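This report goes through one structure for a reader who has not seen it before. It starts with a single residue and then turns to the sheet, a helix and the core.

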Amino acid sequence: MKRLQVSILQFPGTNCDFDTVYAFRRLGHETTVVWHKEERLPEGTDLVVVPGGFSYGDYLRSGSIARFSPVMKAVQAYAAEGGKVLGICNGFQILTEARLLPGALKRNDNLHFISRHQHLKVVSTDNAFLNLCTEGEVLNIPIAHHDGNYFVDDETLDDMEKNGQILLRYCDAEGQPMVVNGSVRQVAGICNKEKNVFGLMPHPERAMESILGSEDGSKMLEGFAAV
């Protein structure tokens, strides 16, 4: 496996940055925390991670302010050149606000914050993120969100299905579809058409050790080093 240089963004209100640092260091990778006011990414960055939390307190709309931070211009340029970007939870919300991923994240349909372990079905593995998983595999990954209800119009969603951009769906332990937060077609994770920008609401960085309930997150994150 390649040893990665992982740049992890930090905004006011980010609270999963050091969880993410721990996860990637546990896998043997180098990490750098990048403050949101930086205008450049560290030299040699192999992967940018936009972690979870409540950037700017989720004022106005989750991720809507963070997307204007100086560092996001560097992230957009990095992605445009083919650099790999992963958004987790609030990071997913930020990437949709920055138009690096299609769709939007709305308030959960039950209007409650959801925090628990949740089964996910792997839909597509033809990408740098989930290439160590198998299609149809059921993973157990924590979720913790209030605005995780993924929405995109039917035409775009149909195109995403055809392009292999739907990566993960919420399911039960047997892999059957499960409504968790109202996401269209139970979508839990997606990528862009070029398959170098990824976003998911679940937290793989919190599923690195069996003592915490699951090690399935390590298989997901390690996929970036396998290509």
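This is a predicted model: local features need pLDDT of at least 70, side-chain atom pairs count only at pLDDT 80 or more; totals for chains, interfaces and linings use all residues.

Residues are numbered from 1 along each chain as its sequence is written, and side-chain values use heavy atoms, with hydrogens and water left out.

**The sheet**

Helices (H or I, at least four residues) and strands (E, at least two) are DSSP runs, numbered from the N terminus. Two strands pair if DSSP finds at least two bridges between them. An open sheet is formed by nine strands in the order S2-S1-S3-S4-S11-S10-S9-S6-S7, with mixed pairing. S2 and S7 (138-145) are the edge strands, each pairing on one side only. On average, neighbouring strands are turned by 25° against each other, direction ignored; axes are lines fitted to C-alpha atoms, for helices over the stretch in contact, and angles run from 0 to 180 degrees between N-to-C directions.

Five of the five residues of S9 (residues 166-170) are buried, where buried means under 20% relative accessible area and exposed over 50%, with partly exposed in between (1.4 Å probe, protein chains only). The pairings of S9 are listed here.

| Strands | Bridges | Direction |
|---|---|---|
| S6 (residues 114-122) and S9 | three bridges | antiparallel |
| S9 and S10 (residues 187-191) | three bridges | antiparallel |

Leu-168 of S9 is the bridge partner of Val-122, and in S10 the partner of Leu-168 is Gly-189.

**Helix H2**

The buried residues of H2 are Val-71, Met-72, Ala-74, Val-75, Tyr-78 and Ala-79. They lie on the same side of H2 because they cover an arc of only 155° around the axis, taken from the directions from the helix axis to the C-beta atoms. Lys-73 and Ala-80 are exposed on the face turned away from that buried side. Among the elements that the buried residues pack against are S1 (5-10), S4 (84-88) and H3 (90-97).

**The core**

A nonpolar core is a set of buried Ala, Val, Leu, Ile, Met, Phe, Trp, Tyr and Cys residues joined through side-chain atoms within 4.5 Å. The largest one has 66 residues, and Met-72, Phe-129 and Leu-168 are among those that touch the most other members. H2 (residues 70-80) supplies the largest share of this core, six residues.

Methods:
Contact means heavy atoms within 4.5 Å.
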